[in-house]
Protein chains: 2
Amino acid sequence: MLKILVSNDDGIDAQGIYVLAKALAKIGEVTVVAPHKEQSAVGHAITMQLPLRVSKYYKNNEFFGYAVTGTPADCVKMGIKNIMKQYPDIVVSGINHGSNTAINIIYSGTVSAAREAAITDIPAIAISVTSHEVTDFEYAGKVAVKLCKLVARKGLKKGTLLNVNVPDIPAEQIKGMKITKQGKSKWDDMYEERTDPYGRNYYWLKGGLIEADDDMIMDQKAVKSNYVSITPIHFDLTDNESYDEMCSWNLTKELDGKEI
Amino acid sequence: MLKILVSNDDGIDAQGIYVLAKALAKIGEVTVVAPHKEQSAVGHAITMQLPLRVSKYYKNNEFFGYAVTGTPADCVKMGIKNIMKQYPDIVVSGINHGSNTAINIIYSGTVSAAREAAITDIPAIAISVTSHEVTDFEYAGKVAVKLCKLVARKGLKKGTLLNVNVPDIPAEQIKGMKITKQGKSKWDDMYEERTDPYGRNYYWLKGGLIEADDDMIMDQKAVKSNYVSITPIHFDLTDNESYDEMCSWNLTKELDGKEI
């Protein structure tokens with residue numbers, strides 16, 4: 001049996017993680033460790049200045065998993081180190097309510113939970129459905145099962161995780177699967193200025209994703225075209241092209257040697 | 001005059017951002033927009049579920065900048081969209097109290113502030129000093145000035161930022177500057193279990209960086225060897241090597257076509 005750690009960023013009471021855990025229980029021994037409340041857009045935050053609490057969470061009068069008063073990355077660390085007390089074979093994060101394509105990968109708690117596993121050299125999958133008002137996570141649950149089995153058999157390069165996005169359409173309309181790259185689409189966002197009941201200003205982030213991906217190898221375009229998008233991502237942020245370029249700058253001369 | 005937006009993750013009252021803003025004021029028009037309290041290790045979190053407040057912050061009876069009740073990435077968004085109301089020429093984040101090398105880049109609020117600028121195609125620099133008990137940020141401030149002038153002249157590839165780490169040693173012991181890559185050193189961390197005055201358990205993250213970089217092209221090794229480390233990083237997380245490998249997997253066959 002595969003030992004599977006499941007987490008998310010929508011919180012332990014979200015429908016997506018419930019469907020995911022139930023689906024994965026068919027192929028492995030599942031341990032759920034997830035935030036006690038929603039943690040969307042927390043990125044790869046971890047909690048260092050405050051302690052964490054852990055409590056058991058029950059769903060339909062059955063023990064479901066461990067709720068942690070922290071971020072998705074905290075949950076994965078805590079799950080591995082203090083709850084499972086051994087390395088799982090795979091970590092699966094999701095099923096997220098809303099897509100995690102293109103620039104959203106940077107802000108995503110769902111992806112960061114999986115990335116925390118990849119940092120620890122554990123294969124990991126983040127899985128999301130493209131709509132916030134998802135009614136049926138069953139198909140995405142089946143995708144997660146298939147990919148877990150595939151990863152268990154094929155392996156992943158150390159430090160790599162799969163970021164999976166499933167279109168929120170009826171299963172029979174899904175055209176297939178595509179291996180993709182992180183898209184270039186970004187948010188056009190702004191802060192709406194409002195006034196509270198006491199006359200003080202406050203600001204609320206709003207905006208929309210500007211579709212900038214028209215190539216099917218990009219996650220955002222593939223998902224929009226009704227494919228399940230699977231993007232291998234890693235946490236080596238070095239821009240090798242700029243590295244090569246900057247090495248030719250003769251920096252010591254540019255900066256007058258060590259005397260700056 | 002360069003228009004410079006300055007932020008950090010240690011909070012607007014930290015010594016590092018004060019020295020940085022003062023140093024950069026010599027070469028540009030500086031706008032400071034920083035978190036109202038410490039936001040270390042928040043990664044690239046942004047605030048969507050709550051509104052933000054903005055207040056003016058004074059230091060030594062002089063207006064210093066704008067304090068925002070959010071994350072470093074929030075501050076940069078807010079600074080560009082609602083405070084400066086125009087794109088700055090460059091965004092500089094820091095000077096961070098503590099190094100941001102190797103895996104720390106992933107968790108760093110300092111780096112994320114600069115990365116938020118890079119996402120918006122604005123050149124950006126994150127700068128850190130390697131010790132948490134820094135007494136003198138002056139040298140790092142000079143490095144920031146030099147690099148701002150260099151970036152203003154040379155430019156950076158769109159989407160690229162510079163992650164700079166300065167050893168916390170007397171200036172005369174600095175050996176020079178090195179263009180580097182993100183190191184492989186990771187944390188060996190665990191949660192210390194404690195009991196509160198009411199008999200309930202809580203958990204606190206602790207650990208240390210395991211030095212795994214012995215090549216001078218790696219940020220962690222360069223800084224340890226008394227060089228200023230300058231790493232060009234970006235936010236394209238695609239693992240191209242795994243992408244090529246997985247494209248050869250014949251996924252449709254592996255996953256039995258669309259019928260999963």
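This is a predicted model: local features need pLDDT of at least 70, side-chain atom pairs count only at pLDDT 80 or more; totals for chains, interfaces and linings use all residues.
Which residue takes a positive phi just after helix 2 of chain B? B:Lys85 does, with a phi of about 60°.

Chain A holds an open sheet of nine strands. Their order is 3-4-2-1-5-6-7-11-8, and the pairing is mixed. Strand 3 (54–59) and strand 8 (176–179) of chain A are the edge strands. Each of them pairs on one side only. Neighbouring strands are turned by 25° against each other on average, direction ignored.

One antiparallel pair in chain A joins strand 7 (residues 161–166) and strand 11 (residues 227–233). Five bridges link these two strands. Here A:Leu161 stands opposite A:Ile233 of strand 11.

## Helices on the sheet of chain A

Helix 1 (residues 15–24) of chain A packs on the sheet. It touches strand 1 (2–7), strand 2 (28–35), strand 3 and strand 5 (90–97) of chain A. The direction of helix 1 makes about 140° with that of strand 5.

Helix 4 (residues 109–119) of chain A also packs on the sheet. Its contacts are with strand 1, strand 5, strand 6 (124–129) and strand 7 of chain A. Helix 4 makes about 170° with the direction of strand 6.

## The sheet of chain B

In chain B, nine strands form an open sheet. The strand order is 3-4-2-1-5-6-7-11-8, with mixed pairing. At the edges lie strand 3 (54–59) and strand 8 (176–179) of chain B, each pairing on one side only. From one strand to the next, the twist averages 25°.

Strand 6 (residues 124–129) and strand 7 (residues 161–166) of chain B run parallel. Six bridges join them. B:Ser128 has B:Asn165, in strand 7 of chain B, as its bridge partner.

## Helix 2 of chain B

Helix 2 (residues 72–84) of chain B packs on the sheet. It touches strand 1 (2–7), strand 2 (28–35), strand 3, strand 4 (62–68) and strand 5 (90–97) of chain B. The direction of helix 2 makes about 130° with that of strand 2.

Where does helix 2 of chain B bend? The bend is at B:Met78, by about 40°. B:Met78 is also one of the buried residues of this helix. Others buried in helix 2 include B:Pro72, B:Ala73, B:Asp74, B:Cys75, B:Val76, B:Lys77, B:Gly79 and B:Ile80. Just after the helix comes B:Lys85, with its positive phi.

Methods. Residues are numbered from 1 along each chain as its sequence is written. Chains are lettered from A and ligands numbered from 1 in the order in which they are written. Two strands pair if DSSP finds at least two bridges between them. Helices (H or I, at least four residues) and strands (E, at least two) are DSSP runs, numbered from the N terminus. Axes are lines fitted to C-alpha atoms, for helices over the stretch in contact, and angles run from 0 to 180 degrees between N-to-C directions. Two residues are in contact if their C-beta atoms, placed from the backbone, lie within 7 Å. The bend at a residue is the angle between axes fitted to the seven residues ending there and the seven starting there. A residue is buried if 20 or more other C-beta atoms lie within 10 Å of its own, exposed if 12 or fewer, and partly exposed in between; C-beta atoms are placed from the backbone.
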